[in-house]
Amino acid sequence: KKKARVNCSLPEPSWEERLANAVTPLWRLPYQEQLQVKYESQRKILQTLASRLEELGIDAQKPGGLCCPLKPVVPSPIINGYRNKSTFSVNRGPDGNPKTVGLYVGTGRGRNIVCVKANHVENIPSKHKQVAQCYEEFICRSPLASCILFHEGGHWRELVVRTTSCGHTMAIITFHPQQLGQEALATQKALLKEFFTCGPGAVCALSSLYFQESTMTRCSHEQSPYQLLHGAPHIFEELLGLKFRISPDAFFQVNTAGAEVLYQAVGELCQATGDTVLLDICCGTGTIGLSLAHRVSKVVGVEVVEKAIEDAEWNAAFNGISNCEFHSGKAEAVLPQLLASWEDARPLVAVVNPSRAGLHYRVVRAIRNCRSIRRLLYISCKPEGEAMRNFLELCCPPDPRKKLAGEPFAPVLAIPFDMFPHTVHCELVLLFTR
């Protein structure tokens, strides 16, 4: 007789599990184990940097093959529901509903994208999930289709929710106008406002409701202004005893409690004295510079997002901080001019906190060629990416062909901060000196 074949394969994971595995891959591990996983990944990054520096003829090997000592990962004060900003997509759900509001499982390249509700994702707070659920209810009632692919039409697109520890909630809804006229658009905006102020969405108690007409994947405020439909134009956050104003598109660290720990450490690593000038590059709403302003004689901030600079200036004035100046524009355009004419005799410490794209080469060159900068703190959310290129540019020998005349920096200390529990990501602070 033939033996019956026993099926030992594991049951297919649920869609909720698949989403949790995609968005928060470490969610099943106890927190101490998560920190150990992150420590090992940061160690590998520093080993890679050491070997890349060796290739440039720089003796950078320290104990363990690292380019500099690596401290243990600093834990996040909050482990669950720590995100103060979440971006939800609108697409087909596992049940085929084309108006599902959630996060993606699958890839565009694989053509297997499914939008799954984020109710079980541990790093998203319940308030964000509530707003997402209400937005889904609203668009399901709407006769207008969701915009899944731009060229196929449809209107309802993503939702961004921002919250603060002060209890404020901002919702930003992105809408593709397609061929709708101004009257039809005005109707949709009125319906949205009514739903979130008088209808079922009122339970969200939104402080601000914004609407953005966007014909592209991503639009800045300059390309397509954020339209305030209800509430206050800004929400407010408190951090290290200061109050910060946040605009719809302004950068603010996604983990507020973690940011406090990070900024306190940055202040100590700067070794700033009363006559130090702090250069805060990619300063966002000014959080780092303003939180350290009491330690230094002057803060100079540079930021590309114009609205963030307006926030930074408001934040400085509101908190009674008068030793800060902020410059709006691309760092690669603003910084070379700023540093080329630098004649201030006071010690200059630079803090850079760029996006995943890293710093433009002209920014690195301006820092290298400014002799006053002897100490540099690089805060990177993806040190294995474009930031690695920056690290090598900061440390490589002078190169006249690339107009890189300044003395090279050397990495002297690395401290990872867990700003993103349950994910594989870390914020790495690398201290360079020369």
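Contact, on this tour, means heavy atoms within 4.5 Å. Helices (H or I, at least four residues) and strands (E, at least two) are DSSP runs, numbered from the N terminus.

This is a predicted model, in which local features need pLDDT of at least 70 and side-chain atom pairs count only at pLDDT 80 or more, while totals for chains, interfaces and linings use all residues. Residues are numbered from 1 along each chain as its sequence is written, and side-chain values use heavy atoms, with hydrogens and water left out.

**Stop 1: helix α9**

Select residues 361-368, which form helix α9. Its buried residues are Val363, Val364, Ala366, Ile367 and Arg368; buried means under 20% relative accessible area, exposed over 50%, and partly exposed in between (1.4 Å probe, protein chains only).

**Stop 2: the annotated binding site**

Next, select Gln253, Glu303 and Asn353, where an unreviewed UniProt entry places the feature "binding site". UniProt positions are given in the numbering used here, feature names are shortened, and annotations may be inferred rather than shown by experiment.

Zoom in on Glu303, in strand β11 (residues 298-303). Glu303 counts as buried because its relative accessibility is 9%. Leaving out residues up to four places away in sequence, Glu303 touches Cys282, Cys283, Gly284, Ala308, Ile309, His327, Ser328 and Gly329. Which backbone atom does the side chain of Glu303 reach at 3.4 Å? Look for the backbone nitrogen of Cys283.

Move on to Asn353, in the loop between β13 and α9. Asn353 is buried too, with a relative accessible area of 8%. Beyond residues up to four places away in sequence, its contacts are Phe251, Gln253, Ile281, Cys282, Ile288, Ile379 and Glu427. Gln253, in that list, also belongs to the "binding site" feature in the UniProt record.

**Stop 3: the annotated active site**

Select Cys381, which the unreviewed UniProt entry lists for "active site". You will find Cys381 in the loop between β14 and α10. Setting aside residues up to four places away in sequence, Cys381 touches Arg356, Cys426 and Glu427.

**Stop 4: two crossing helices**

Show helix α3 (residues 126-141) together with helix α4 (residues 182-197). At what angle do their axes cross? The answer is roughly 135 degrees, and the axes come within 11 Å. Axes are lines fitted to C-alpha atoms, for helices over the stretch in contact, and angles run from 0 to 180 degrees between N-to-C directions. The pair is therefore oblique: angles under 35 degrees count as roughly parallel, over 145 as roughly antiparallel, 65 to 115 as roughly perpendicular and the rest as oblique. To see the contact, show the side chains of Cys134, Tyr135, Glu137, Phe138 and Arg141 on α3, and of Leu191, Leu192, Phe195 and Phe196 on α4.

**Stop 5**

Select Gln34, in helix α2 (residues 31-55). Is Gln34 buried or exposed? Gln34 is buried, with a relative accessible area of 0%. Apart from neighbours within four places in sequence, Gln34 is in contact with Leu26, Trp27, Leu29, Pro421 and His422.

Finish at Ala60, in the loop between α2 and β1 (85-91). Ala60 is buried, at a relative accessible area of 5%. Not counting residues up to four places away in sequence, Ala60 touches Ala50, Leu53, Glu54, Leu66 and Cys67. From Ala60 to Cys283, 223 residues apart along the chain, the C-alpha separation is 30 Å.

Methods: A polar contact is a pair of N or O atoms within 3.5 Å; within protein, one must be able to donate a hydrogen and the other to accept it, and residues adjacent in sequence count only if both atoms are side-chain atoms.
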